[in-house]
Amino acid sequence: MIKSYIKIAFRNLRNKIAFSIINITGLAIGIAGATLIFAWVQNEYSYDTFYANENSLYKVWNRYVTPGYTGTGDVTPGPLGKALKDEYPEVKNTARVYWSTDRLFNYGDKFIKAKGNDVDKPFLSMFTFPMLEGNAVHAFDNVNNIVITKTLATKLFGNSDPINKLVKINDKDLYKVTGILKDLPGNTQFDFEYLVPLRQNLFGDNSWNTGNYYTYVQLQPEANINKVNSEIKNIEIKHDPKTNGEVFLYPLSKMHLYSRFDNGRPVGGRIEIVHLLLAISGIILLIACINFMNLSTAQSQKRAKEVGVRKVMGASRTSLIFQFLNESLIIAFIAGLIALIMVEISLPAFNQLTEKKLTIGYSDPLFWFGFIGFIFFTGLLAGSYPAFLLSGFRPVKVLKGSNLLTSAKRLFNPRKVLVVLQFSVAIVMVVSTIVIYRQIKFAQNRDAGYNISNLIEVPVEGDILKNYDAIKSDFLDNNAATAMCKTSYTVTVNGSTSSGFKWDGMQKDQENLSFTRFGTSGDFVKTMGLKLVEGRDIDFNAFPSDSAACLINTTALAQMHIKDPIGKLINGSEKIVGVFKDFIIQSPYANVDPMIVFGSKNWAYNLVIRLNAGNDAAKNLEIARQIFKKYNPAYPFSFQFIDREYQQKFNDQQQTGSLAFVFACLTIFISCLGLFGLASYMAENRSKEIGIRKVLGASVAGIAQMLTREFVFLVVIAIIIASPVAWWAMNKWLQDFTYRIDVGWFTFVAAGSVAIIIAVVTVSMQAIKAAIANPVKSIKTE
């Protein structure tokens, strides 16, 4: 019997080739889209969950309480880690991590720059990255030991054994290789090629009111996280009453997906994108199944007599249901195989879009078990409605030639409802895509507060600091730059925050105010292209005492409530010499934080250079390369264009927008297949009516318009339903941005117009085909 069902199924596929292709294509696209999303979601959930101590690892956060708002930050003071370990028995281990640093490696005739971190000794015991050679416990017994990844080891030492070999770093310090790590997987927040031990007192280890580190904690297995958090809450205040931070531990495994805080509490993060894409995958698959239902029921009149004959010959309804479900499962499995081909073809582009290295686990039995189960479920879902509909036909009516579909007018409504649902979802996704791109454009057009063009950053390394004055002089003499300064951090990220500042007239509610801190060698305003509101720039040549000078931004001025700020003192010694207009250093979607820029000749990890806009950029960079080769010969010239760094602030939202666009297109395409199916059904069901209208003189255009009008009406209903849903969803999404657009009525007009045009084009093809058909043939058939 099963063999007979399979033969009949393949016969029907062959006899109705166009119908079969549309059905299989729709299901294949739905399955392929869902498979790609599931692979992405699985990768997102796997972040930092592969450590042996996964359930006991936490990151230390600070909660800053200010009037009306509570902020959070994960940059912590140096003494915190040791204090947690010493004072709380629930804490098994702590490790501080200093942010990523590029260093120059030299072995033999090889010079390679690599990115890595300074970490405390317990780091490798807490985070069990696979070590190919060496001992994780003793790898950092000496401050001049180093652990490197397999890739970096190959670059430096080729195929020779790197253990115990000496490598020179930054052209001065010799480090002994004591461990080789397997290259880091893509599903971790860490990104390093080497690790070196943190040296004591290197980055302000003893200061409780300056954050320079990320601090990680491993708790004892029996520790209660809520109890620990309540105990450590005021540890910073206990050690330094001038601080204002409340400490809490946050699970490392949640950092990737639940890293957004609002008013001091976790409120979500990337998990919202995960949920969104899961919902989209379910919607795409559901729409593909709906298409199958629509296309199958559109062909049901042709199979009615088959059902009648089978029932007269003794076939039960159960056996007919089994037959039709068998056909849908065969189609689903064929679609599944084609979907795998689609996945393989589109995976490289999908990886590029999501900036991941996803793979499909074809060698994993669990993958095939899950995939086959998924296909089986899809086949049952898609085939259930047609199976029960077709098996319910009465043989007497069928064999008499009654048009069952015309008599069962109640069956029209479900199909129309499904098409409305399909286009409602498609319109919501089109609106979402438009809003996301408008929001990105809105933020990109926001005044950055400084001139980001012709501005580069160069890391301070080797002899740059020693030869800074000569480097600056050569740049200016060669007309390659118009200004230059040293800064304590890169100007595109918030390098350091501090609190505890004092000034005359400070109110009680201002004691907890946190500031972004910067240091500069002078000419900061000139080099950055900032706009001075009051006062002057820091200038050590004109004002040698500017080591005790500082600049503040307009947000700091407003929150400090200082009148006539020029000449006022901060902390009793730092004199305000200028106020500059806010510039964006963190998210372009958020408000700018208060900032203080201190004058300092030696607090320098970065050079900012304003290239001469009157020269060709390539010429300026070639001069720069020669200058740095002259004064810092041991290091290759490396730089970053600040405008490119600034554009990276939009990457996450651009990725979301691109994903929304791709899946909106898929949703629309599959919805059009559904619309085509319903149009096919309507044309077939009304063939006699169309034939009579043509005999009575109706034109092709008139008939096409009559058939199209109904579908446009369905799309208009979809627009009415989708608009408030899209408005609510996009307003909720925009709430995450302080600096945001209004959704605007024209967004819905644009999305609705796109939907109507697509619907008209899709339906018109089938409507015109029905309108030009020979009326004699359709009437005779009836």
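K238 is exposed, with a relative accessible area of 53%, and its salt-bridge partner is E87, with the closest N and O atoms 2.8 Å apart. Keep in mind that this is a predicted model.

**Salt bridges**

- The count comes to 22 salt bridges.
- E87 sits in helix α3 (residues 80-87) and K238 in helix α7 (residues 235-239), so this bridge ties together parts that are 151 residues apart in sequence.
- On the E87 side, the relative accessibility is 30%, which puts E87 in the partly exposed class.
- E461 and K113 also pair up through their side chains, at 2.9 Å from N to O.
- That bridge links distant parts of the chain, 348 residues apart: E461 is in the loop between β14 (455-459) and α15 (468-477), while K113 is in strand β4 (residues 110-119).
- E461 is buried at 10% relative accessibility, whereas K113 is partly exposed with a relative accessible area of 25%.
- K531 and D447 make a salt bridge too, at 3.5 Å from N to O.
- Here the partners are 84 residues apart, with K531 in the loop between α16 (524-528) and β18 (532-535) and D447 in the loop between α14 (412-444) and β14.
- K531 is partly exposed, with a relative accessible area of 42%, and D447 counts as partly exposed at 42% relative accessibility.

**Aromatic pairs**

- For ring pairs, the tally is 44.
- One of them is Y589 with F650, an edge-to-face pair at 6.0 Å centre to centre with 80° between the planes.
- Those two come from distant parts of the chain, 61 residues apart: look for Y589 in the loop between β21 (574-580) and β22 (595-599), and for F650 in the loop between α19 (642-647) and α20 (651-685).
- Y589 and F650 are both buried.
- F637 and F639 are stacked, because their planes are at 25° and their ring centres 5.1 Å apart.
- F637 counts as buried at 18% relative accessibility, but F639 is partly exposed at 23%.
- There's also one aromatic cluster made of F50, Y51, F123, F127, F129, F190, F192 and Y216.

**Charges over rings**

- K59 lies over the face of Y214, 4.4 Å from the ring centre.
- R446 has its charged end over the ring of Y739, 4.3 Å from the centre of that ring.

Technical notes
Residues are numbered from 1 along each chain as its sequence is written. This is a predicted model: local features need pLDDT of at least 70, side-chain atom pairs count only at pLDDT 80 or more; totals for chains, interfaces and linings use all residues. Side-chain values use heavy atoms; hydrogens and water are left out. Rings of Phe, Tyr and Trp (its six-membered ring) pair if their centres lie within 6.5 Å; planes under 30 degrees apart count as stacked, over 60 as edge-to-face and the rest as tilted. Helices (H or I, at least four residues) and strands (E, at least two) are DSSP runs, numbered from the N terminus. Buried means under 20% relative accessible area, exposed over 50%, partly exposed in between (1.4 Å probe, protein chains only). A charge sits over a ring if NZ of Lys or CZ of Arg is within 6 Å of the ring centre and within 35 degrees of the ring normal. A salt bridge is a side-chain nitrogen of Lys or Arg within 4 Å of a carboxyl oxygen of Asp or Glu.
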